[in-house]
Amino acid sequence: MKAKHQRLILALAALVAIIGAGLLAVSALKDEAAYFYAPADVKAKGVEPGKAIRLGGMVVGGSLKRAADGVTIRFDVTDGKATVPAMFSGIAPDLFKEGSGVVAEGSFDAKGTFIATNLLAKHDERYMPRELEGMNYNASTHEMKAEQ
Amino acid sequence: MIAETGLAALWLAAALALLQLFLAFAGLKGGKPDLLVAVRPAAVAQGVLTAIAFALLITLFLRSDMSVLLVATNSHSMKPWLYKFAGTWGNHEGSMLLWVTVMGVAGAAVALFERALRRDTHMATLGGQAAISLGFYAFLLFSSNPFARIDPAPADGQGLNPLLQDPGLAFHPPTLYLGYVGLSVAFSFAIGALLTRQVDAAFARAMRPWVLGAWVLLTLGITAGSYWAYYELGWGGWWFWDPVENASLMPWLAATALLHSVTVLATRDALRAWTVMLAVIAFSMSMVGTFLVRSGILTSVHAFAVDPTRGSFILVLLALYIGGALALFGWRIGSVREGAPFELVSRETMLVANNLLLSVILGVVLIGTLYPLMTEAFGHKVSVGAPYFDRIAGPLALALMVVLAAGPLTRWRRDRAAAVCKRLLIPAAIAILLFVSLSLLAWGRIGLLPFLGLIVAVSVGAASIAPLWKRNLLRTPLFTWGMVIAHLGCAVSLAGMACDSAFTVEKLVAARPGDTIQTAGWTLRFARIVPIAGDNWTALQADMRVDRGGAPVMIHPQSRFFASPPTTTSEAALLTRWNGQLYVVLGEEVEGGRWQIRIWWKPFVTLIWLGGVMIALGGALALVGRERRGWLLKWRARRAAA
Amino acid sequence: MRTIWIWLPLGLFLAFVGLFASGLFKPDDRVIHSRLVGQPLPAFTLPAAASDRPALASSDLATGKPRLLNIFASWCVPCAAEAPQLMALKQAGVAIDAIAIRDARPDVDGFLRRYGNPYARIGLDARSGVQIALGSSGVPETFVIDGRGRIAYQHIGDIRADDVPMLLARLRDAQ
């Protein structure tokens with residue numbers, strides 16, 4: 001075989017691989033990407049049971065109930081407009097409590113309960129300091145000034 | 001005084017970088033070749049100054065100097081000294097200082113130790129390194145000054161994220177950074193080679209040790225990071241496809257491809273343009289990763305300071321450096337001659353296939369990581385998690401492993417397909433045997449990917465030691481040993497991953513002290529809960545006696561409470577046996593005096609990290625082997641001349 | 001053909017830069033906004049958080065004049081950063097009340113001594129109950145309350161110097 005043919009075959013293989021991978025990626029993204037919903041979106045648009053999504057909102061105060069097995073919990077998630085019941089089996093993260101913000105990964109069952117497979121509580125209760133860097137605080141004038 | 005000295009050292013280093021860039025440019029293009037004499041001393045001085053600045057910041061942290069803002073916001077006088085030390089780079093400013101330090105020291109190393117490169121390319125490379133460093137100096141000095149003071153000084157600091165108080169964290173980010181930023185050397189080499197149009201085998205041989213060194217450290221850093229996430233997060237997983245993890249994986253994929261293509265260029269003078277391209281992409285991925293992590297445009301569990309102004313600064317640097325390098329590539333590569341041709345069945349083709357697959361994996365990881373950003377531009381919020389990455393990257397990685405088995409058994413330039421197949425006979429037989437026996441034993445009980453993973457791991461493991469077949473092991477060159485060990489490491493790691501996903505047994509219970517739990521052949525007797533106190537935390541600790549027929553062992557999973565800032569973390573208890581790990585997490589107390597306990601038995605999971613260490617070790621052996629051979633050859637030549 | 005391949009990476013990269021820039025500069029809506037904007041404040045009564053300031057109840061906020069309600073904590077760094085802006089607002093004649101989140105009285109006293117005390121009343125929300133009822137998800141946050149005790153605006157994060165005129169305008173609009 002001549003060098004030119006070699007090159008052509010290699011280039012074709014590369015092209016096929018890249019296009020194939022691209023198509024695969026797009027189809028997989030369609031199936032696997034989890035959309036983010038607030039309870040109000042769930043009520044308005046509806047989510048088909050079994051579809052993997054992320055549900056975000058606040059845990060309603062007083063809604064947290066633990067099942068007899070000690071490891072399953074039920075709670076309601078709200079965004080102020082709508083409320084959705086949710087269930088989770090496992091060790092909840094430390095920052096997860098009634099009234100805290102929560103993002104739950106999982107899907108709805110046929111009865112409309114959100115079955116969470118993973119709970120992501122808000123990781124840090126502080127907002128990050130944005131403009132504190134390079135600043136000096138003056139106690140007498142109560143002004144923050146950039147350091148010279 | 002210490003902080004001011006550090007700041008002065010940084011400014012001086014920045015000025016030197018500017019001078020170095022100017023000297024290299026004037027020397028090469030401005031017709032003043034005399035000026036080139038000063039380029040190397042400038043690079044060395046820059047390295048020394050950045051190292052001094054970093055050492056001074058460490059001193060400030062160790063002395064808990066709360067008049068420095070960074071120390072006050074990230075440290076605490078009550079913290080154990082190791083975490084004060086690690087706190088130096090456990091925050092944005094400190095880690096960016098580490099970044100420029102590595103960059104400065106790497107530049108100094110290139111100035112001092114690089115002997116193989118043609119002089120003009122060497123100087124252009126040092127000019128390139130100075131140009132990149134300059135941007136990061138500006139970033140540090142104008143938007144992330146680590147030495148800023150706070151007045152009045154607070155009585156004590158704000159602590160450090162307790163999740164980050166861990167010995168693993170003292171060492172894995174610096175290692176990762178050495179690798180990340182070490183790739184800047186390859187980037188500068190590519191710039192230098194494009195400027196002087198020297199893209200040939202000699203250039204590749206000069207670049208290879210630097211790529212290898214950075215790659216070894218990157219591999220170690222990722223391995224350590226994965227183990228850290230595994231035991232510290234208490235979720236039982238070892239890779240979460242989190243943006244921060246992807247940010248370290250993407251440079252690694254590019255560097256791995258570069259490592260193989262640079263070998264093709266060094267040995268056979270082929271793949272010229274492609275190798276230069278990869279050298280540019282590898283460090284670009286380091287910068288893109290840093291941008292994604294630091295700008296906060298992607299949400300992640302490991303989030304650093306989220307700050308759009310810093311994000312825009314890094315974005316400008318990105319656009320300048322990557323865009324500039326790619327433009328230079330487009331402008332100059334047309335004048336680089338085509339490399340040597342090769343036959344379809346040859347080592348070269350195998351390495352091209354390796355590069356192609358690695359690039360495709362890099363592409364799908366990049367798309368998956370950025371997809372939330374793309375859809376958000378159209379108003380949809382999505383997250384892309386493990387299901388996507390496993391489904392796409394898994395099969396591609398398996399294909400890559402097959403190429404890995406065949407590559408070293410194929411000859412350079414030209415080989416016969418039949419001969420290659422013959423050499424692969426034993427691994428293929430092992431694969432078929434395993435397929436049949438696994439199908440009979442466990443069909444339908446384990447997923448397709450782990451099923452194939454097990455088969456591929458064992459047969460590729462056999463194939464990867466085949467290059468040593470019938471050779472005198474003592475006379476086999478060190479770099480061949482390196483390749484064999486690194487490839488075997490890939491198989492070992494894959495075996496660990498497949499075993500973990502195929503055979504892990506998980507149990508979640510709520511138990512009272514005194515209860516006995518049975519799972520996966522283990523018996524756990526939950527003795528009691530005791531409160532204990534550490535240096536800056538208190539904890540509730542469960543005492544459990546575990547055994548599987550032999551002598552019982554005590555394990556102690558904890559739920560820790562940190563005072564500053566107030567946070568609770570769970571410390572998993574790990575029990576390592578030759579055939580796996582028992583992983584126990586203590587949850588919270590529930591009604592009836594019961595405690596939530598989560599137990600995993602993970603057969604052979606440790607192979608994942610053992611494989612990672614083997615890969616790094618293989619790289620290190622290859623590096624030493626190549627360098628030693630270079631010295632020996634030079635020494636012999638000198639003796640022959642004498 | 002070769003030319004296309006040579007310049008393709010640069011083109012792709014520029015597209016990515018565009019994407020990054022759009023991600024960086026579009027308004028960030030990852031924080032959970034209060035659904036209570038335009039609604040009356042939830043009723044609450046909190047004990048005093050500082051030794052020299054009275055306690056705070058929701059009824060204290062409906063005084064016929066717009067006020068600011070600042071959610072802060074002594075352990076929060078950005079709250080210290082926004083202190084000068086709050087002092088400036090107070091100097092401009094704005095009435096400011098505050099809720100201290102998960103805090104203790106000595107800590108709040110120390111914080112106010114160091115960073116200044118612009119507050120008329122400070123309530124202590126030891127378990128974040130009121131914070132959640134307000135739909136606030138972190139500290140610091142600042143609410144503009146109109147004269148009838150309704151939430152007119154929610155400011156998330158620290159108040160920067162350039163936010164001050166905007167807050168003054170919001171207060172004027174809430175008249």
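Reader: How many bridges join β9(B) to strand β10 of chain B?

Author: In this predicted model, strand β10 covers residues 580-590 of chain B and runs antiparallel to β9(B). One pair across the two strands is B:Ala573 with its bridge partner B:Val584, the latter in β10(B). The number of bridges joining β9(B) to β10(B) is five.

Reader: How is chain B divided into domains, and how many Å separate the centres of domain 1 and domain 4?

Author: Domain 1 of chain B spans 1-165, and domain 4 spans 505-603. Domain 2 is made of 204-306 + 319-411, and domain 3 of 424-502 + 609-641. Taken over C-alpha atoms, the centres of domain 1 and domain 4 of chain B are separated by 43 Å.

Reader: Which helix gives the most to the side of chain B that touches chain C?

Author: The contact involves 26 residues of chain B and 16 residues of chain C. On the chain B side, α10 (272-295), α11 (308-332) and α12 (347-377) each supply at least two residues. With eleven residues, the helix that gives the most is α11(B).

Reader: By class, what residues make up the side of chain B that touches chain C?

Author: The residues in question are the 26 of chain B that are in contact with chain C. Sorted by class, they are 16 nonpolar, nine polar and one charged.

Reader: Which strand of chain B pairs with strand β1 of chain A?

Author: Strand β1 of chain A covers residues 34-37, and its pairing with chain B is antiparallel, over two bridges. Across this pairing, A:Tyr35 stands opposite B:Val382. The partner in chain B is strand β1 (residues 382-383).

Reader: What pattern does chain A follow along its sequence?

Author: Chain A has two helices and nine strands. Of its 148 residues, 32% are buried. Among its contacts with a separation of 6 or more, 43% are between residues 24 or more positions apart. Read along the sequence, the pattern is α-β-α-β-β-β-β-β-β-β-β.

Reader: What pattern does chain C follow along its sequence?

Author: Chain C contains five helices and seven strands. Buried residues account for 43% of its 175 residues. Of the contacts in chain C with a separation of 6 or more, 76% are between residues 24 or more positions apart. Along the sequence the pattern reads α-β-β-β-α-β-α-β-α-β-β-α.

Reader: Which are the edge strands of the open sheet of five strands in chain C?

Author: The order of this sheet is β5-β4-β3-β6-β7 (chain C), and its pairing is mixed. On average, neighbouring strands are turned by 20° against each other, direction ignored. An edge strand pairs on one side only, and here the edge strands are β5 (122-125) and β7 (151-156) of chain C.

Reader: Which residue in β5(C) does C:Ala98 stand opposite?

Author: Strand β4 of chain C, residues 96-101, runs parallel to β5(C), and four bridges join them. The residue opposite C:Ala98 in β5(C) is C:Ile122.

Reader: Why does C:Gly157 count as partly exposed?

Author: C:Gly157 lies in the loop between β7 and α5 (164-173) of chain C. C:Pro78 is 79 residues away from C:Gly157 in sequence, yet the two are 7.8 Å apart in space, C-alpha to C-alpha. A residue needs 20 or more C-beta neighbours within 10 Å to be buried, and 12 or fewer to be exposed. C:Gly157 counts as partly exposed because its number of C-beta neighbours inside 10 Å is 19.

Terms used
Residues numbered from 1 in each chain as written. Chains lettered and ligands numbered in written order. Predicted model: local features only at pLDDT ≥ 70, side-chain atom pairs only at ≥ 80, totals over all residues. Contact = placed C-beta atoms within 7 Å. Nonpolar A, V, L, I, M, F, W, Y, C, P; charged D, E, K, R; others polar. Domains from an automatic or database assignment. Pairing = 2+ DSSP bridges. Axes fitted to C-alpha atoms, helices over the stretch in contact; angles between N-to-C directions.
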